[in-house]
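Subject: Handover of a structure and the findings on it

Dear colleague,

Please find below the structure that I am handing over to you. I would be grateful if you kept it open while reading the notes that come after it.

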Amino acid sequence: MPTLLGSLPAVLVGTALALVGALSSNAEVQRIPFVIATGPTGGTYFPVGEAIAGIISHPPGVYRCERAGVCGPSGLIASARSSPGAVFNVLAANAHTVDAALAQSDVIREAVKGQGTFRLAGPQKHIRAVAALFPEDVHIVAAKTAHIRSVAELRGKRVGVGPDTSGTIVTARAVLSAYRLPIRRIRINNDSSDIAAEKLAQGKLDAMFFVGGAPVPLVRSLLANGSASLVPIDGAKRERLLKLAKGLKADSIPAGVYPRTGKIETVAVQSIWIVNDSVADSAVYSILKALFNPANRAALAGSHRSAQFIRLNSATVDLPAPMHAGARRFYTELGRLPKKSAAK
């Protein structure tokens, strides 16, 4: 009895055999899940994390991944997961309940030393830095009805500072301390940023902090209807803050980044991509090759304004945690490893 292939024209037999071979080859590729913890969906980490996940994923049979270095390791399936924020992300990456995460530099610095928020948990010894990504501005959004024009005027007000698992609360405490405004002197709200933004819009909060790359979607929504404004961080108190809080730097949000808003003076931290130290060196090396491949630049930069600042020449600057060995290999090959770095 003739086989099915035997009954086909010769040209189709070759095509069928090639298809069977390709399917068999794809079936043999091991699928490697890779989870990246990001942040609230209304923040900056989530859209950037989604873009990174799309760039580094390398599922079987994807045409764009046929070019070397355009995708991550073969079989890698990366996904961006929303989270309460940077403190949660650091703890999750350290415990390897996620493979990677985005987190603020000031939070990571406390984590590796077991200081501040991490005093009880102790030093987070399994955190490794992959790349410095983009600056994150400290936003203080105030309802116009609250008549808050300075940080000092937050005293006695209802202020969202983020959950205890967020990075925003870490930076908010530093800002309030520099202004000699104890956190107990304001009426603290610890809702997630998405919920806090809703409450501020409803008149149930007077102000809220959020740390993120501008424009932050939830902040933009609050400013768009004219019912809220940004409170500057400037002057002598900002200088005091920069002396007290390592990892913060003076920054400004340009006019026009937010609707109805001119240039706003503030401070910023740096967003850092971290992984658990057990992630394979070869995987991190391949992931970085994909992240900085020119073929992926448009997809990365198009995800959010902040992603435009993700550059190879700043990826190793002032890392707050030891560098992953796979990242060290990547940057060393390109001559981008600084003489003095957190990788020591």
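This is a predicted model: local features need pLDDT of at least 70, side-chain atom pairs count only at pLDDT 80 or more; totals for chains, interfaces and linings use all residues.

Helix pair

Two packed helices are described by the angle between their axes and the distance between the axes. Helix α2, residues 45–56, packs with helix α9, residues 281–291, at an angle of about 110 degrees, and their axes are 9 Å apart. Angles of 65 to 115 degrees count as roughly perpendicular, and α2 and α9 are therefore roughly perpendicular to each other. On the side of α2, the contact is made by Ile52, Ile55 and Ile56; on the side of α9, it is made by Ile287, Ala290 and Leu291. The residues of this contact comprise six nonpolar, no polar and no charged.

Largest pocket

Rolling a probe the size of a water molecule over the atoms shows where empty space is left. The largest pocket holds about 380 Å³ of space. It is lined by 15 residues, of which Asp106, Glu110, Gly116, Val170 and Ala174 are the closest to its centre. Two or more residues of this lining come from each of α4 (105–113) and α5 (168–178). With four residues, α4 gives the most to the lining of the largest pocket. By class, that lining consists of seven charged, five nonpolar and three polar residues.

Second largest pocket

The second largest pocket holds about 250 Å³ of space. Its lining is made of 15 residues, and the closest to the centre are Gly247, Lys249, Gln270, Val317 and Asp318. At least two lining residues are supplied by each of α4, β4 (127–143) and β10 (264–276). Here β4 gives the most, with four residues. The lining of the second largest pocket has eight nonpolar, four polar and three charged residues.

Helix α5

Helix α5, which gives residues to the lining of the largest pocket, is mostly covered, with eight of its 11 residues buried. Among these buried residues are Thr168, Ile169, Val170, Thr171 and Ala172; Val175, Leu176 and Ala178 are also buried. After α5 comes Arg180, which has a positive phi, near 50 degrees.

Points of the backbone

Which peptide bond is cis, with omega near 0 degrees? It is the bond from Ala214 to Pro215. Pro215 belongs to the loop between β7 (207–212) and α7 (217–224).

His96 is a residue other than glycine with a positive phi, near 60 degrees. This residue is placed in the loop between α3 (86–95) and β3 (100–104).

Asp318 sits in the loop between α10 (297–301) and α11 (325–333). Is Asp318 buried or exposed? Its relative accessible area is 63%, so Asp318 is exposed. As noted above, Asp318 is among the residues closest to the centre of the second largest pocket.

With kind regards

How values were computed
Residues are numbered from 1 along each chain as its sequence is written. Side-chain values use heavy atoms; hydrogens and water are left out. Axes are lines fitted to C-alpha atoms, for helices over the stretch in contact, and angles run from 0 to 180 degrees between N-to-C directions. Angles under 35 degrees count as roughly parallel, over 145 as roughly antiparallel, 65 to 115 as roughly perpendicular and the rest as oblique. Contact means heavy atoms within 4.5 Å. Ala, Val, Leu, Ile, Met, Phe, Trp, Tyr, Cys and Pro count as nonpolar, Asp, Glu, Lys and Arg as charged, and the others, Gly among them, as polar. On a 1 Å grid over the protein atoms alone, a cavity is a set of points where a 1.4 Å probe fits but cannot get out, and a pocket is an open set with protein on both sides within 12 Å along at least five of seven lines; lining residues have an atom within 4 Å of a point. Grid points are joined across faces, edges and corners, and a volume is the space filled by probe spheres set on the points. Buried means under 20% relative accessible area, exposed over 50%, partly exposed in between (1.4 Å probe, protein chains only).
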